[in-house]
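Trainee: Could you take me through one part of this model up close, with the charged side chains in mind? I'd like the cut-offs spelled out as you go.

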Amino acid sequence: MGEKEMSLEQCEEVLADINNQISKLLMEREEVLKQWNVAFDKQADSDTSCEYEKSGDTFYLYLVNGDSRLDVCWVNVKELKSDINELYRLVDNSIRIHNMKNRRQELTERQMNLVLGKIVEIKNATVA
């Protein structure tokens with residue numbers, strides 16, 4: 001109860017500030033994901049990797065472990081050029097759709113880092 005009610009303008013200012021902070025954190029996350037990807041390739045004792053195939057303007061991402069190949073998500077060039085918040089929302093939705101379609105559990109944190117690291121790699125090579 002003791003909270004002061006904000007006006008619409010005040011709410012919009014606060015939300016704009018929060019959205020800017022989120023965008024900044026997502027950009028920082030991309031930088032760390034690049035470093036994580038390099039470190040994982042050098043240090044991991046796992047045969048798991050994230051690979052992709054390109055068909056037209058769409059990249060299809062797979063988690064690969066030996067002979068096992070799991071389709072994870074897709075992203076197209078238009079999405080790679082979108083706002084960082086929108087890109088991660090679209091990628092997350094694509095992963096969830098694939099999980100539901102294949103009746104599998106959520107990706108582990110390490111698997112998600114592999115996928116997002118590959119997305120950042122593709123984005124940097126495609127959009128730059």
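**Charged pairs, up close**

Mentor: Let's start with Glu86, which is partly exposed at a relative accessible area of 30%. On that scale, buried is under 20% relative accessible area, exposed is over 50%, and partly exposed sits in between, using a 1.4 Å probe and protein chains only. Before going on, keep in mind that this is a predicted model: local features need pLDDT of at least 70 and side-chain atom pairs count only at pLDDT 80 or more, while totals for chains, interfaces and linings use all residues. Residues are numbered from 1 along each chain as its sequence is written, and side-chain values use heavy atoms, with hydrogens and water left out.

Now for the partner. The side chain of Glu86 meets that of Arg89 in a salt bridge, at 2.5 Å from N to O. The term here stands for a side-chain nitrogen of Lys or Arg within 4 Å of a carboxyl oxygen of Asp or Glu. The general idea is that side chains of opposite charge can pair when their charged atoms come close. Arg89 sits in helix H3, residues 84-101; helices (H or I, at least four residues) and strands (E, at least two) are DSSP runs numbered from the N terminus. Because Arg89 and Glu86 are 3 residues apart in helix H3, about one helical turn separates them. Arg89 is also partly exposed, at 41%. As for Trp36, 53 residues away along the chain, its C-alpha atom is 21 Å from that of Arg89.

Further along, Arg96 forms a salt bridge with Asp92, with the closest N and O atoms 2.8 Å apart. These two are 4 residues apart in helix H3, so again they are separated by about one helical turn. Arg96 counts as partly exposed at 41% relative accessibility, and Asp92 is partly exposed too, with 25%.

Asn99 counts as buried, at 4% relative accessibility. Leaving out residues up to four places away in sequence, Asn99 touches Arg104, Gln105, Glu106 and Leu107, where contact means heavy atoms within 4.5 Å.

Zooming out, the structure holds 7 salt bridges. Arg69 counts as partly exposed at 46% relative accessibility, and Glu53 is partly exposed at 39%.
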